[in-house]
Amino acid sequence: MAATPSPTDEPLVGRHRVAVIGGGSAGISVAARLRRAGVRDITLIEPSDTHWYQPLWTLVGGGQAPLRISRRPEGSVIPDGVRWIRRRALAVDPDTRVVTLSDGAELTYEHLVMAPGLHLDWGGVPGLAEAVGHDVVSSNYAPEYAPRTWELIRQMRSGTAVFTHPASPLKCGGAPQKIAYLAADHWRRRKVLDNIRIVLVLPDPTMFKVPAWSQVLEKVADRYGIEVRLRSEMTAVDGNRREISVADHASGTKETLGYDFLHAVPPQRAPDWVKTGPLADPASPQGFVAADRHTLQHPTYDNVFALGDVANLPTSKTGAAVRKQAPVVAANLLDVMNGRSPSRRYDGYTSCPLVTARDRMLLAEFDYDLRPSPTFPLIDTFKERRDMWVFKRYILPPAYWHGMLTGRL
């Protein structure tokens, strides 16, 4: 790995062998694996100068980790030999194999990896953009707000706390619940839980898509006295009145719910230029990129692959999913480069570390068919465990920085 690469000022003329759009976990992991396989002329397009380890933000909001340890300079994680263009992609023309950049420059490629992540649509719920980060409204889905979540939790002694989950696909689908449990556990320890009404608004018919873990979470919610609203979603926020509108899709009714603390998760979708572009999957209302669920290859353009949050795959959008997708994309891209059909298959593996208390966690791992796929077969991950919490807090971050992003894990 290079010490601290700088963005290139080289002209963008000529055809780049591999262009990777996105310098998050997905883009960096694939670029690292391709470099380890000896691929040269890899160009990474990423406008940000900061790389975030986002899974820690739930623990930041729960008072269990400082925000600073979740970030590093982007240049420090870019693999040695990969050209970094610190500009934003604005469009892709897969027929001419051209990427248009934010300064108007155009970059041509032979092979393309789509990994730009997703867009947090704060404007997708009326009033949310104006309310978040102000008064008693926060969200762990943005680094500028996560520390505020903990401050609001610490300050609360009584009243109504509401935690919401959007109806759209989202990254780390368990995060809206995890912060509710961390908050409830803190209030229990401070002996104020009986004075606080907790409402968890979820869009699905169950608390978790895998029944075995859903049953455990039902018991967790019951232990804390959490009111769970299934098949429901927040449809509006009135920050001045401290009220939200909640639609119950099972009954067709609407409710106005007052709050003294609101942790809101915004709807999420593909970036605008992806959503309106030719690589988007017509079957995805959010505009995520079409990709074969096993090979991760675009169904129309065989030189294009997609992974991570932007890919329209029937599995949860998590860093653990990226860890399994990256080697598949790298191997299959190498196959295509060498005139072969993609040979590696992704089985839909994803993982959701469900923190249920300050020192307890469930590790939910499953595939496309919702079958449990445990990394540690001898450990019962259907029980709340302290060792699993230690694993999330202290083992996974260094494994991410030194293993996954370097193409070793």
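## Spaces, sheets and helices

The lining of the largest cavity splits into four nonpolar, five polar and two charged residues. Keep in mind as you read that this is a predicted model. That cavity has a volume of about 50 Å³, and a search of the whole structure turns up one cavity of 30 Å³ or more. To find the lining in your viewer, look for G308, D309, A311, L313, T315, S316, K317, T318, A321, V322 and Q325.

Around it sit 30 lining residues, with H165, L170, D204, K209 and S316 nearest the centre of the pocket. Sorted by class, the pocket lining has 16 nonpolar, 11 polar and three charged residues.

| Space | Volume | Lining by class |
|---|---|---|
| Largest cavity | about 50 Å³ | four nonpolar, five polar, two charged |

Now for the sheets. Strands of a sheet pair through backbone hydrogen bonds, in either a parallel or an antiparallel way. Strand 13 pairs with strand 12 (residues 196-201) in the parallel sense over three bridges; V199 has E227 of strand 13 as its bridge partner.

Another open sheet has three strands in the order 14-15-16, and here the pairing is antiparallel. Strand 14 (232-238) and strand 16 (253-258) are its edge strands, each pairing on one side only. On average, neighbouring strands of this sheet are turned by 25° against each other, ignoring direction. Strand 15 (residues 243-248) meets strand 16 over six bridges in the antiparallel sense, and A247 has K254 of strand 16 as its bridge partner.

Last, a helix pair. Helix 5 (residues 175-189) packs with helix 6 (residues 211-224) at an angle of about 35°, their axes 10 Å apart. Their crossing is left-handed. Helix 5 brings Q177, Y181, A184, D185 and R188 to the contact, while helix 6 brings L217, V220 and Y224. By class, that contact has five nonpolar, one polar and two charged residues.

How values were computed. Residues are numbered from 1 along each chain as its sequence is written. This is a predicted model: local features need pLDDT of at least 70, side-chain atom pairs count only at pLDDT 80 or more; totals for chains, interfaces and linings use all residues. Side-chain values use heavy atoms; hydrogens and water are left out. On a 1 Å grid over the protein atoms alone, a cavity is a set of points where a 1.4 Å probe fits but cannot get out, and a pocket is an open set with protein on both sides within 12 Å along at least five of seven lines; lining residues have an atom within 4 Å of a point. Ala, Val, Leu, Ile, Met, Phe, Trp, Tyr, Cys and Pro count as nonpolar, Asp, Glu, Lys and Arg as charged, and the others, Gly among them, as polar. Two strands pair if DSSP finds at least two bridges between them. Helices (H or I, at least four residues) and strands (E, at least two) are DSSP runs, numbered from the N terminus. Grid points are joined across faces, edges and corners, and a volume is the space filled by probe spheres set on the points. Axes are lines fitted to C-alpha atoms, for helices over the stretch in contact, and angles run from 0 to 180 degrees between N-to-C directions. A crossing is left-handed if the near helix is turned anticlockwise from the far one by less than a right angle, and right-handed if clockwise. Contact means heavy atoms within 4.5 Å.
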